[in-house]
Amino acid sequence: QSAVNVPRDFEGCSTLRKYFGQLHYLQSRIPMGAEQEAAVPIAWTEIFSGKTVTHEDIKYEQACILYNLGALHSMLGAMDKRVSEECAAGAFTYLRDHFPHSYSVDMSHQILNLNINLMLGQAQECLLEKSMLDNRKSFLVARISAQVVDYYKEACRALENSETASLLGKIQKDWKKLVQMKIYYFAAVAHLHMGKQAEEQQKFGERVIYFQSALDKLNEAIKLAKGQPETVQEALRFTMDVIGGKYNSAKKDNDFIYHEAVPALDTLQSVKGAPLVKALPVNPTDPAVTGPDIFAKLVPMAAHEASSLYSEEKAKLLRDVMAKIEAKNEVLDQFMDSMQLDPETVDNLDMYNHIPPVLMEKCAALSVRPDTVKNLVQSMQVLSGVFTDVEASLKEIRDLLEEDEAQERKLQELLGKVPVPQGSSPPPPSSPGLAEVSKECSKYMEVHEKASFTNTELHKAMNLHISNLRLLSGPLEQVRAALPSPTLTEDDKQVLQNLKRILAKVQEMRDQRTSLEQQLREMIQKDDITTSLVTTDRSEMKKLFEEQLKKYDQIKVYLEQNLAAQENVLKALTDANVKYAAVRKGLAEVEHKWNTTVQTLVASYEAYEDLMKKSQEGKDFYTDLEGKATKLLEKARAACQAAEANRQQILEKEMKKQPPPRPTAPKPLQKKPLELEAGGGGLDAGDLAPLGSLALPELPEELRSL
């Protein structure tokens, strides 16, 4: 009764331990196990489902007490100061390793693994906080934090198990989200301290990438922390201030001072966790815990002690085997992560045998709209026609204005005004009407030039998408043919087949290892030699243990062979991957082209409505501009005719103002040259003077100007 209604304090833990020890003493002496003579029904309520579970087995009572001991320890740990590295995982570990998991679903292997790793993770968190408060070395703090991440990853794996999910119900999602948040958060803390260590070692490039990684992981933690209490949010904000400040400072220093290359994170050595917490041990035969054996007179103590020793031998055997398995699994997981090879999608060739659904959807949509391309082409043609008409009208207006300008220039020259030099600004228009036409024309030309650029871009876009729309409107065989597909040689296919075969071997090795581990656990759980121990002499106990443990030799050999095969399998996988590299590159390039082509075709379909809309807008715009340009052209023609008539009137007036031309002087008579007679006869200088009067008179001023 005391154990069932246990107080929630350390006295309660002591009560549970004592009761558990006495049950252990009792079941060693009286046949109260499953299907034994003195078995009685034992009922407990499952904590998650609320169902009452009954078994006629004293071990079920022990298992439930152990479970409650672990639960009570975890509650007391949550209330205690966070400075101790001891945790409640011991009770759950003992329960997992020494009792069957079939009693109830909340004692399944996965649930117990979840509880164990949650307890270890929280205890390691306490140790991490203590290490940070004590200002331990950055590398040690990083390793302690990395181990927190490892414990929570194990807990997350247990949470993702289907049995766990169905048992926990709604809280499974909440717990998983919280555990994932903690994984990212403590990974960020680990990389923060790795960055601090790089800073201490003056590796400034590494410092930047570690702080960058810490910032990325913290952002993921913040995303997962929605709905968490304000204390959690405050802690995350504080951590963001620390890591963000560190990253910004480190990046700035490296950019402007150190100029060190920033390596990729995966090229740096991973942080290996340092498990420094310990589970509180459970020893059902420790008299300091259990008190005196109240059934001591019923069964010889030697048999009881021997049974406990044998159980410890089995547990030691299991721990040794599991240490080897976990070490090999860790190597295998890291190797496969670095290879990035997924057996299901290693070649991805099936993707190229059919049109993707998103493209099929677009083809189907176009099949019920057969005039899509025709409408787009017609819209382009109409737009081009209106554009050309506007351009022609504006050119004709410009030509009329230039012709009028030339005529005006000639008139000014004829009227005696200083001619306008070539290249200077033209004379003002000959009439206010033409000035207005010129202004309007300039405005329309400017609008036309701007719209012309937009129109050109629209036509380019239309030409780009029309061919894709024609393809999507056509037969599906043409669409499939337009999508890139890989061309593999026989050698390439052989390389792929070999790689898939070895990947299948890797999976087979994993499955076999898991199966052998499960068989070993089941054998250990069912192995009870208490009856034999009661009848065995104390001096023969060690020999009996050795003989009994031989039953595990065969399965240990199988496991050793499985573990030894890993090196050869991974070597073969490495060689196959080297040969696969070129094929992988080619497949990746084709896949990229395939995705790009699909996206381009989808984009063309989605651009159709927009193109039609813009085309209609362009057509409306140019139709309006055409009407204005036509009116302006008519106005220009009328203004030019009026200006020309005005020039003719000016010329006629000028001609009337001119006086009639004066008669010109008669030509002088042509005389023969005077000859001097011999003997000194002839003209002297005085005789030549009157000849001057025969010269032409000077022209009047007005005639001279003409």
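The legends below describe close-up views of a predicted model. In this predicted model, local features require pLDDT of at least 70 and side-chain atom pairs count only at pLDDT 80 or more, whereas totals for chains, interfaces and linings use all residues. Residues are numbered from 1 along each chain as its sequence is written, and side-chain values use heavy atoms, with hydrogens and water left out.

**View 1. The hairpin of strands β1 and β2.** Strand β1 spans residues 42-45 and pairs with strand β2, residues 52-55, in the antiparallel sense over four bridges (strands are DSSP runs of E, at least two residues, numbered from the N terminus; pairing requires at least two DSSP bridges). I42 and W44 form the covered face of β1, while A43 and T45 form the uncovered one. W44 stands opposite V53 in β2. Six residues lie between the strands, and G50 takes a positive phi near 80 degrees.

**View 2. The contact of helices α3 and α4.** The axes of α3 (residues 89-98) and α4 (residues 109-133) come within 8 Å and cross at roughly 155 degrees (helices are DSSP runs of H or I, at least four residues; axes are lines fitted to C-alpha atoms over the stretch in contact, with angles from 0 to 180 degrees between N-to-C directions). The two helices are therefore roughly antiparallel (angles over 145 degrees).

View 3. Q233 is buried, with a relative accessible area of 19% (buried means under 20%, with a 1.4 Å probe and protein chains only). Leaving aside neighbours within four places in sequence, Q233 is in contact with A225, K226, G227 and Q228.

Terms used: Buried < 20%, exposed > 50% of the residue type's maximum accessible area, 1.4 Å probe, protein only. Parallel < 35°, antiparallel > 145°, perpendicular 65-115°, else oblique. Contact = heavy atoms within 4.5 Å.
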